[in-house]
Amino acid sequence: QMTYRRFMPSGLAGLNPVSDPLALTWQRRYVQAVVTALRGHPAVAAWDFGNEVNIMGGAESAAAASHWMASTADAIRALDATRPILSGMDAGSLAPPNGAPTAAHAHARWSAAAQAEHCDLLTVHHYVMWKKAGRDACDSFKAVLLPAAEARSAADCSGRPCFVEEIGLWRPLLASFGPLAAYVRNVLWNLWVSDGRGLLWWCAFDQDGLNMAPYDWEGPGPEHGLFTAAGKPH
């Protein structure tokens, strides 16, 4: 899953990647092939479930999501138990949904507690423009405190460390460089004081001019970088 588009091999087209037995079988084989090929490389610090699996494609229930995480984590640890596993998705949901599942419960099926059962570190993916905090300026109190609050609450509720794995702004819509700099600086301080463990900006570099998916369509925009596409700091 990348920027709300799902990429799947043609042989698995139309299958649910979270629960279909054939899809699960080939995902496990794929994961183990990747781990086998790269486990000896010193640049690999950790393994990650993937990009935002909680919106990859339709866990029918919290149990289905938990089974997917267990299958993937077990496949990794069978071949490399020396590195931690990161959740790779937003751990902002603190409890599974009550009652009949609906589309609104998609994130809640991957609750922080469920992720913690299978991962060593949890993550949050914070983007002001897709949250209610986006109704305020990006460098407002609400906007700069919310990422740390999300990470801290996920860690406290799950008992696992948590860090901000993805955070960013779509500059043309949200901020000039002055407020953007103030936002990043304040978020960093708030994460530091609340044991947020780290921050990765999405993306380090502007992605304009690329002719590959997901950067070859307009929304939600390729201008997220703290650096230009050529590597010059903004």
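So, the nonpolar surface patch: Trp 189, Trp 192 and Val 193 make one of about 430 Å². By patch I mean residues with over 30% relative accessible area and no salt bridge, where nonpolar side chains (Val, Leu, Ile, Met, Phe, Trp, Tyr) are joined within 5 Å and like charges within 9 Å. The areas are Shrake-Rupley with a 1.4 Å probe, and for residues only the protein chains shown count as cover. Trp 189 sits in helix H6, residues 177-193. Helices here are DSSP runs of H or I with at least four residues, strands are E runs of at least two, and both are numbered from the N terminus. Trp 189 counts as partly exposed because its relative accessibility is 47%. The cut-offs are under 20% for buried, over 50% for exposed, and partly exposed in between.

Quick word on the model. It's a predicted one, so local features need pLDDT of at least 70 and side-chain atom pairs count only at pLDDT 80 or more, while totals for chains, interfaces and linings use all residues. Residues are numbered from 1 along each chain as its sequence is written, and side-chain values use heavy atoms, with hydrogens and water left out.

Okay, charges. How many salt bridges does the structure hold? There are 6, counting a side-chain nitrogen of Lys or Arg within 4 Å of a carboxyl oxygen of Asp or Glu.

One of them pairs Arg 77 with Asp 120, with the closest N and O atoms 3.3 Å apart. That pair links distant parts of the chain: Arg 77 is in helix H2 (residues 62-77), and Asp 120 is in the loop between H3 and strand S3 (121-127), 43 residues apart. Arg 77 is partly exposed because it has 33% relative accessibility, and Asp 120 is partly exposed at 25%.

Then there's Arg 171 with Asp 206, at 3.0 Å between the closest N and O atoms. This one also joins distant parts of the chain, 35 residues apart, from helix H5 (residues 171-174) to the segment after strand S5 (199-201). Both Arg 171 and Asp 206 are buried. Asp 80 and Arg 83 are both buried too, and their salt bridge has its closest N and O atoms 2.7 Å apart.

Last one: Arg 109, in the loop between strand S2 (85-90) and helix H3 (112-118). Arg 109 is buried yet has no salt bridge. Which side chain of opposite charge is nearest to Arg 109? That would be Glu 60, 7.4 Å away. What does lie 2.7 Å from a polar atom of the Arg 109 side chain is the backbone oxygen of Ala 59.

Key
Buried < 20%, exposed > 50% of the residue type's maximum accessible area, 1.4 Å probe, protein only. Lys, Arg positive; Asp, Glu negative; His and termini not counted. Polar contact = N/O pair within 3.5 Å; in protein donor to acceptor, adjacent residues only side chain to side chain.
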